[in-house]
Amino acid sequence: MTIFEKLDSLDRRWVFAFQALVFCIVILKPVGLALTVGDQVRTAYETIDSLPAGSIVWFGTDYQAANAAELEPAALAILKHCFQKNLRVIGASTWPEGGAMMARLLNQVTPDFPDKEYGVDFLNLGYRPGGQVWLQQLTDDLPAAVGGVDHFGDPISEYPIMDGLNKIQDVALIVGIHVGTPGTPEYIRVITDPHNVPMITVLPAVSVAVTMPYLASGQLVSIVASLRGGAEYELISGFSGTAMTGMDSQSFMNLTIVIFVILGNIGFFYNKYKKGASGGGGANV
Amino acid sequence: MSNDIWVWIGAFLTLGTYSILFKDNPVYRVLEALFVAILAGHSVVINWYNFQKPTLTGRLGEGKEWTLIIPLFLAALMYFRYSRKYAWLARYPMAFLMGIGAAYVLTKNLKPMFLAQARATMLPLWVPGNIGATINNWIVVIGVASVLTYFFFTIRKQGPVNAFSRVGRIYLMIAFGALFADTVLGRVSVTLVRFQFLLQDWLGLGM
């Protein structure tokens, strides 16, 4: 069996084992590859940075625990940036786990900002069912749409942050942390496009390509994409976290995958050529 | 190495889940069922405490918003799906939901999802002094037109139409490649965070 035949029939478990080895080596011995901030993240940062103190930023935490690893670094850096700029933050979700995800974000960030007070500087409205219809309700009567209570079941009318906030159009910016439906398109349909509310969206890598058209059409301010976007936001904001430290591993892993794809294709085409040369034919590509 | 029991549980769950990469095994099966069960149970509890209970006790109970009985009644009809004899009753709330959904999508989608997107593809094919933008616009316009041609099935594609349709096919292949690469990138990110957890939080290495 030639090396090319071996490549073509390589047990995928060897690939997994090699990838795990690469991860371990680079996590334990990072080489410090250069990281630059892209246009998208820079736009997101500058948008938040330019908001006047006291403005309300709406965090749509429409994701679940399974997506936290990919999205949380960016969400945490943005939330810290908001608190640093003295912006007020309100979180809510159309996903059942979203309220807990917002609470998780706040629990990680608020110890660094002990002067921030629940109900004054930030609020977690939690999950509400209804998806896009609920989002529509937020544009009509926000307090009624959330049933008058927050994530913990306490009445929101007692919180100063709710003063003057009658509709979601009253917020200065929406930061959507989205992974599916309801997500970015639903927000665009009923809130950001008809009411001209600016939105930055934090997305997993898999959703970026299909969301780019909304950026081109001007319906989105910016996309902060995946762990890479999180690392860039950590870099530009100065709030270092897990994303930046993982970028070496991510880069090496991507390189490993590209090498395996090239080797696999070399094996495939070589064997195809060999079969064709020996009269054995070959499958069409 | 961590002294936190929850970190150990997390490490066990992570390694148990990744064990499927070696071969199918009972530990993975148990963890798969555990994940589904936790998600389902969590959704039920959160739905009850975040919306259903406050609505029933607050708006319907104390607020006396009697009109809420209508959606409550329709929701109750859904449970007739479990009865063979009365399953037809569940069609009414379903029809209601489909009607609302269709009307809602039709009225809400036109501008943001169609007109705005169509307008975003109507780009100038010559941007004075900016060759990069000019090339970008050509790529977008040819891409949209050729992919639409690819999905045009009313006439037999021959000659230039067929050639243009093949350009659309190439665009689609590139888009699928980008989507697949994005998916791989996302999975790598998730795996990376898990490895950071195992090596650093659990084993205490490379801190």
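The exercises below concern a predicted model.

**Exercise 1. The side of chain A that touches chain B**

Determine how many residues of each chain are in contact, and which element of chain A gives the most to the side that touches chain B.

*Solution.* Begin with the totals: 41 residues of chain A are in contact with 42 residues of chain B. Next, list the elements of chain A that each supply at least two residues to this side; among them are helix H2 (12-28), helix H4 (65-84), strand E3 (122-127) and helix H11 (242-277). Of the elements, H11(A) gives the most, with seven residues.

**Exercise 2. Domains of chain B**

State the domain bounds of chain B, and describe the contact of domain 1 with domain 3.

*Solution.* The domain assignment gives domain 1 (1-64), domain 2 (80-122) and domain 3 (123-207) of chain B. Over C-alpha atoms, the centres of domain 1 and domain 3 of chain B are separated by 35 Å. Six residues from domain 1 and seven residues from domain 3 take part in their contact. On the domain 1 side, three of these residues are nonpolar, three are polar and none is charged.

**Exercise 3. A helix pair in chain B**

Classify the crossing of helix H1 and helix H6 of chain B, and name the residues that make the contact.

*Solution.* The axes of H1(B), residues 5-18, and H6(B), residues 159-202, come within 10 Å and cross at roughly 140°. Angles over 145 degrees would count as roughly antiparallel, and 65 to 115 as roughly perpendicular; H1(B) is therefore oblique to H6(B). The crossing of the two helices is left-handed. H1(B) contributes Val7(B), Gly10(B), Ala11(B) and Thr14(B), while H6(B) contributes Arg194(B), Phe197(B), Leu198(B), Asp201(B) and Trp202(B). The contact residues comprise five nonpolar, two polar and two charged.

**Exercise 4. Backbone geometry in chain A**

*Solution.* Most residues other than glycine have a negative phi, and most peptide bonds are trans. Pro182(A) lies in the loop between strand E4 (173-178) and H8 of chain A.

Asn196(A) has a positive phi, near 55°, and is placed in the loop between H8 and strand E5 (199-203) of chain A.

Notes
Residues numbered from 1 in each chain as written. Chains lettered and ligands numbered in written order. Predicted model: local features only at pLDDT ≥ 70, side-chain atom pairs only at ≥ 80, totals over all residues. Contact = placed C-beta atoms within 7 Å. Helix = DSSP H or I, 4+ residues; strand = E, 2+ residues; numbered from the N terminus. Domains from an automatic or database assignment. Nonpolar A, V, L, I, M, F, W, Y, C, P; charged D, E, K, R; others polar. Axes fitted to C-alpha atoms, helices over the stretch in contact; angles between N-to-C directions. Parallel < 35°, antiparallel > 145°, perpendicular 65-115°, else oblique. Left-handed = near helix turned anticlockwise from the far one by under 90°.
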